[in-house]
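Welcome! Please have a look at the sequence and the 3D structure first.

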Amino acid sequence: TGAVPNMMRLQLLLQAEKLPSKSSWNKKSPNALATVSDMLNVGSVMGVTRKLIGRTEIVPQTASPEWATVIVVHHSPGTQHRLSIDVFDTKEYDEQDCSS
């Protein structure tokens, strides 16, 4: 497929600091991963739809992960994106339906 004119590739690098320890996390420090989703139909009567753009690798046992995975967002100038960045402990992530 050919490139779309004026399409930009935005590269996201993520890090978190001092993630809270909570009872739902399975260790003293979480095995953290992050997902980035595009929030579609925001403000629509039909409700919000999430489209998974990417996910990071798992960073084991740290409350301040710095992920190496680069998440790419394809962007056309003049358009808006509403992104959702969610951080999970791997056990919490495995328990959710993240197939969207």
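K18 is found in the loop between strand 1 and strand 2. Keep in mind as you explore that this is a predicted model.

**Two residues with positive phi**

- K18 has a positive phi, near 55°, and is a residue other than glycine.
- K18 counts as exposed because its relative accessibility is 73%, and the cut-off for exposed is over 50%.
- Q61 also has a positive phi, near 45°, and is likewise a residue other than glycine.
- You can find Q61 in the loop between strand 3 and strand 4.
- With a relative accessibility of 53%, Q61 counts as exposed.

- Is N31 buried or exposed? N31 counts as buried because its relative accessibility is 12%, and buried means under 20%.
- Setting aside neighbours within four places in sequence, N31 is in contact with I58, V59, P60, Q61, F88, D89 and T90.
- Which backbone atom of Q61 does the side chain of N31 reach at 2.9 Å? The answer is the backbone nitrogen of Q61.
- N31 and T62 are 31 residues apart along the chain, and their C-alpha atoms are separated by 6.7 Å.

- Three strands form an open sheet in the order 3-2-5, with antiparallel pairing.
- Strand 3 (49-55) and strand 5 (83-89) are the edge strands, each pairing on one side only.
- From one strand to the next, the twist averages 30°.
- Strand 2 (residues 32-40) is joined to strand 3 by six bridges, and the two run antiparallel.
- To find a landmark here, look for L40, which stands opposite T49 in strand 3.

**Strands 1 and 4**

- How many bridges join strand 1 (residues 8-12) to strand 4? There are five, and these two strands run antiparallel.
- R9 has H74 in strand 4 as its bridge partner.
- Side chains alternate along strand 4 (residues 71-75).
- On one face of strand 4 you will see I71, V73 and H75, which are buried.

Definitions and conventions:
Residues numbered from 1 in each chain as written. Predicted model: local features only at pLDDT ≥ 70, side-chain atom pairs only at ≥ 80, totals over all residues. Heavy atoms only, no water. Pairing = 2+ DSSP bridges. Helix = DSSP H or I, 4+ residues; strand = E, 2+ residues; numbered from the N terminus. Axes fitted to C-alpha atoms, helices over the stretch in contact; angles between N-to-C directions. Buried < 20%, exposed > 50% of the residue type's maximum accessible area, 1.4 Å probe, protein only. Contact = heavy atoms within 4.5 Å. Polar contact = N/O pair within 3.5 Å; in protein donor to acceptor, adjacent residues only side chain to side chain.
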